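Morning, everyone. I have one structure to walk through today. Please have a look at it first.

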Amino acid sequence: MNFLEERILKDGIVKEGNVLKVDSFLNHQMDIDLFNEMGREFKRRFEGIPINKIMTIESSGIGIACIVAQHFNVPVVFAKKSKSINIEGEMYVAEVESFTHKCKNQVIVSKKFINPEDKILIIDDFLANGCALQGLISIVNDAGASVAGIGIAIEKGFQDGGKIIRNLGYKLESLAIVKSMDSEKGTIEFTNRGEY
Ligand code: 5GP
């Protein structure tokens with residue numbers, strides 16, 4: 001079992017509706033030593049792949065992305081959630097359905113901050129159905145830039161996102177893949193395989 005899986009078992013709480021609560025160390029209170037270890041591990045997994053920028057999505061990806069970026073010595077750009085305002089022209093826009101809040105958000109990134117020559121590592125806290133990732137990928141594609149890889153802290157392997165993203169051919173690395181979880185028993189099982 002790796003360091004993140006151990007921490008999830010120790011402090012994660014399984015909620016109804018396939019939600020794993022990790023807000024004591026990941027997305028409310030943040031354990032920076034843990035994030036540092038995640039950064040080291042992503043650096044190892046993406047060794048030798050040219051990466052000049054990290055991209056994530058507001059809000060809980062930002063903390064992780066910033067600490068990970070220190071291991072790659074690159075800047076972080078985060079997609080901002082926005083109300084529908086007239087921003088066409090200056091911004092790349094994607095529609096993202098929120099798994100946890102069950103609503104649709106428009107996310108935007110200024111055209112100033114992604115260029116066709118960028119090789120982008122996408123980082124996020126969770127992968128569930130893959131909507132957030134697909135939004136980020138579409139923004140990178142719109143900019144003519146390339147996705148060098150995708151690093152996820154916790155993938156819920158029993159939802160379809162991982163399969164969809166891997167089938168699209170992206171190098172997707174998740175530090176912990178939850179195979180199953182049970183809110184009544186409070187149990188969590190992991191797998192090493194990205195698809196099963
Ligand atoms: P997706 O777009 O892949 O369906 O969901 C990814 C986003 O939803 C993540 O950025 C994360 O913020 C949120 N999310 C999905 N599942 C969970 C979960 O089980 N727990 C928490 N805390 N957030 C989740």
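A polar contact here is a pair of N or O atoms within 3.5 Å, where one must be able to donate a hydrogen and the other to accept it. Keep that in mind for the first residue. And a caution: this is a predicted model.

Start with D118. Where is it? D118 is in the loop between β6, residues 104–110, and β7, residues 119–127. Is D118 buried or exposed? Buried means under 20% relative accessible area. D118 has 3% relative accessibility, so it counts as buried. The D118 side chain comes to 2.8 Å from the backbone nitrogen of N115. Leaving out residues up to four places away in sequence, D118 also touches N52, K53, F113, A145 and S146.

K53 takes us to the next element, strand β3, residues 53–57. How many of its residues are buried? 5 of the 5, so β3 is largely enclosed by the rest of the structure. Look at the two faces. K53, M55 and I57 sit on one side, I54 and T56 on the other, and both faces are covered.

What does β3 pair with? One partner is β7: the two run parallel, joined by 3 bridges. Another is strand β4, residues 76–82, also in the parallel sense, over 4 bridges. Take I54 as the example. Its bridge partner in β7 is L121. In β4, I54 stands opposite V76.

Next, the largest pocket. Its space is about 760 Å³. The lining has 33 residues, and the closest to the pocket centre are S60, S98, F99, T100 and D125. Several elements give two or more residues to that lining: β2 (19–21), α3 (60–72), β5 (91–97), β6, β7 and α4 (131–142). Which element gives the most? That is β7, with 4 residues.

Last stop, G162. This glycine is in helix α5, residues 161–167. With a relative accessible area of 2%, G162 is buried, because the cut-off is under 20%. Beyond residues up to four places away in sequence, G162 touches L127, E155 and L172. How far is G162 from E117? They are 45 residues apart in sequence and 26 Å apart in space, C-alpha to C-alpha.

That's my tour. Over to you.

Key
Residues numbered from 1 in each chain as written. Predicted model: local features only at pLDDT ≥ 70, side-chain atom pairs only at ≥ 80, totals over all residues. Heavy atoms only, no water. Buried < 20%, exposed > 50% of the residue type's maximum accessible area, 1.4 Å probe, protein only. Contact = heavy atoms within 4.5 Å. 1 Å grid on protein atoms, 1.4 Å probe; cavity = no way out; pocket = protein on both sides within 12 Å on 5 of 7 lines; lining within 4 Å. Points joined across faces, edges and corners; volume = space filled by probe spheres on them. Pairing = 2+ DSSP bridges.
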